[in-house]
Amino acid sequence: MKKEIPSGIYLLPNLFTTASLFAAFYSLVASMKGQYEAAVIAILIGLIADGLDGRIARLTNTQTHFGAEYDSLSDMVTFGVAPALLLYQLSLSQLGKWGWLVAFVYTACVALRLARFNTQVETADKRFFQGLPCPPAAAALASFAWLCNQYDLQTYRIITYVTAFFTLSLAVLMVSNLRYSSFKELDFKGKVPFLYVFIMIILFVAIAATPTILLFLIFGMYSLSGPVLTLVSLHKMRKKRALPTKNK
């Protein structure tokens, strides 16, 4: 019996995916024009839109294979091509051939990260991501670019090398086997202490006051959380192995 092919697609979740893709394309145009702040903000808007499309699809029970593939292709542009071009135009171009090669390595690692995620989505532990996810990696690069542009740091030669090192480090973290928390075990529907709400208000105010520094710190710390958690886990394992020896 021949399987019936769906004749339509769900509009709402794919609308947010399209919004993410549109923001990424706008970021590419802004980067080529040298409007780096606009390019950064566009990537961050794409990040928000990408985070909403999957959640809306789950809430409305409109998850489809088409939506998943469309989202993955959009992610490649939003979190791969757009940040790479932004960093290249802002700073990496000063390195000549090596600059665009660094940008390409990052873009290729995003593609590899997405391909691995798509093939392991059914079997992976939902509590963790294998390797640094593409959205926070792109946000870390975008916030770093924003920070450099705001304080004209890209004019210093040393910052060019720092940018290359930072870009390559994030690329390696994406294709690594390090585990990153997915925060999916957090219960956002349950009740929380009043202090949590106050902390969230302070956090929003801090981000509004100094978005460049706070966003870079938040996404930078998340990027480092994978290696830190791995080192902590290895230390605990060594302690457990050493206990039987001490007891003898």
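Phe144, Phe166 and Phe216 come together as one aromatic cluster. What counts as a pair here is simple: rings of Phe, Tyr and Trp (its six-membered ring) pair if their centres lie within 6.5 Å, with planes under 30 degrees apart called stacked, over 60 edge-to-face and the rest tilted. Searching the whole structure turns up six aromatic pairs. Take Tyr180 and Tyr222: their ring centres are 5.5 Å apart and their planes sit at 45 degrees, so this pair is tilted. It ties together distant parts of the chain, with Tyr180 in strand S2 (residues 179–181) and Tyr222 in helix H8 (residues 211–247), 42 residues apart. Helices (H or I, at least four residues) and strands (E, at least two) are DSSP runs, numbered from the N terminus. Both of these tyrosines are buried, a word that means under 20% relative accessible area, while exposed is over 50% and partly exposed is in between (1.4 Å probe, protein chains only).

A word on the model: it is predicted, so local features need pLDDT of at least 70 and side-chain atom pairs count only at pLDDT 80 or more, while totals for chains, interfaces and linings use all residues. Residues are numbered from 1 along each chain as its sequence is written, and side-chain values use heavy atoms, with hydrogens and water left out.

Stay in strand S2 for a moment and look at Ser181. With 15% relative accessibility, Ser181 counts as buried. Its side chain reaches the backbone nitrogen of Phe183 at 3.3 Å. Setting aside neighbours within four places in sequence, Ser181 is in contact (heavy atoms within 4.5 Å) with Arg127, Phe128, Phe129 and Tyr222.

Now over to helix H4 (residues 97–120). Its 24 residues reach 35 Å from first C-alpha to last, close to the 34 Å expected at 1.5 Å a residue; that expected span is 1.5 Å times one less than the number of residues. The buried residues of H4, among them Tyr106, Cys109 and Leu114, pack against helix H3 (65–90), strand S1 (128–130), helix H5 (134–150) and helix H6 (157–175).

What about Cys109? At 10% relative accessibility, Cys109 counts as buried. Its sulfur is 9.6 Å from the closest cysteine sulfur, in Cys134, which is too far for a bond.

Definitions and conventions: A polar contact is a pair of N or O atoms within 3.5 Å; within protein, one must be able to donate a hydrogen and the other to accept it, and residues adjacent in sequence count only if both atoms are side-chain atoms. A disulfide is a pair of cysteine sulfur atoms within 2.5 Å.
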